[in-house]
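Grab a pencil and have a look at the model below.

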Amino acid sequence: MTKKVPVVENILKANDQLAQSNRQVLDAHRTFAINFMASPGAGKTSVILRTIEALKDHYRLAGIDGDIATTIDADRIAATGIPAVQINTGGTCHLDAVMVSNALPQIDLDNTDVLIIENVGNLICPANFPLGVHLNVLVASVPEGADKPYKYPPMYRGVQALLLNKVDLLPYFDFDVDYFRKGVEALNPGLAFFPVSAKTGEGFDDWIAWLKGQIDAYLSTE
Amino acid sequence: MHELPFVESILKITLEHAERAGAKRVTALYLVIGQMSSIVDDSVQFYWDILSKGTIAEGAKLHFQRIPAVYRCWDCGHTYELDGEHLACPRCGSVRVQLVQGDEFRLDSIEVE
């Protein structure tokens, strides 16, 4: 005789639960964590390096870098003088809450105001695996094309800030900025949007000013 | 794309609830999957067949209930189901819309003996 047993549990709950626990650990140390995501080659690391330069005289920073191979990005971040930990995911295409929870003890959170996490270059999978950060940022780039919000909705929906990098290349690409922005608005109305060039520095003042506002608001709460 | 770890999670949740209910066998699973969550039914079935072998859930039938994507327009308040790929509000044309349903991926219930 069969009976129906109600379950009503979300399938990704193990990751979600650990993400919440990561968030609690970060909050206990008053560390503002940022998850940077993007396609490979969009300029995540370049944006992060320039962001670090702008922030490091005002906040104590640390970095966690995720890649399937090499320590190239963690080395670049460490070269700025801030502590950096590399996670090699062993082939997994995204960081998840488990990996981050294993990396957090390697960071001196008591003496870290802002933790920058660079996810694996991937426009799909990271959107399904929250890490427990305070701010999710997507770095899009002009050469990728203006149709990416339409083709990759979960990623564009899941972030609180969007940088459009490599705007110095707009004269060389057929990138319809209006079409791009419409796609973004449809998925994520009111998303903070920053056209930038990590190479020339264009647009960084606005991005850094906004980011500082977010960080300061967090650090000043009880 | 991550149907393998997802199915591991489904199996774990299933066996936990089956044990709590004192079940000898699990005969069916009822999964609810939103239109906008990128889960492929065939892949779930494929990995389920492999991972459930040797457990009391082996051979359980998977039922997939697909939930349509529903948007609400920020500007005029209209709620509507997604029609093809056209996201804009059919009443006022605004693109300032919010997904209110369609992201789900959960195990709603299981049938046990």
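**Exercise 1: the end of a helix**

Find the residue with a positive phi that follows α1(B).

Solution. Walk off the end of α1(B) and you come to G22(B), with a positive phi near 70°. Keep in mind that this is a predicted model. Now step back into the helix: α1 of chain B takes in residues 3-20, 18 residues in all. From first C-alpha to last, the helix reaches 25 Å, close to the 26 Å expected at 1.5 Å a residue.

**Exercise 2: the buried side of α1(B)**

Work out which residues of α1(B) are buried and what they pack against.

Solution. Start with the list: F6(B), V7(B), S9(B), I10(B), L11(B), I13(B), T14(B), H17(B) and A18(B) are the buried ones. Next, look for their partners. Within chain B, these buried residues pack against β1 (26-34), α2 (41-51) and β6 (105-112). They also pack against chain A, at β1 (3-10) and α1 (13-28).

**Exercise 3: the whole of chain B**

Solution. Then check the box: the C-alpha atoms fill roughly 55 × 25 × 15 Å along the principal axes. As for burial, 28% of the 113 residues of chain B count as buried.

Notes. Residues numbered from 1 in each chain as written. Chains lettered and ligands numbered in written order. Predicted model: local features only at pLDDT ≥ 70, side-chain atom pairs only at ≥ 80, totals over all residues. Buried ≥ 20, exposed ≤ 12 C-beta atoms within 10 Å, placed from the backbone. Helix = DSSP H or I, 4+ residues; strand = E, 2+ residues; numbered from the N terminus. Expected span 1.5 Å × (residues − 1). Contact = placed C-beta atoms within 7 Å.
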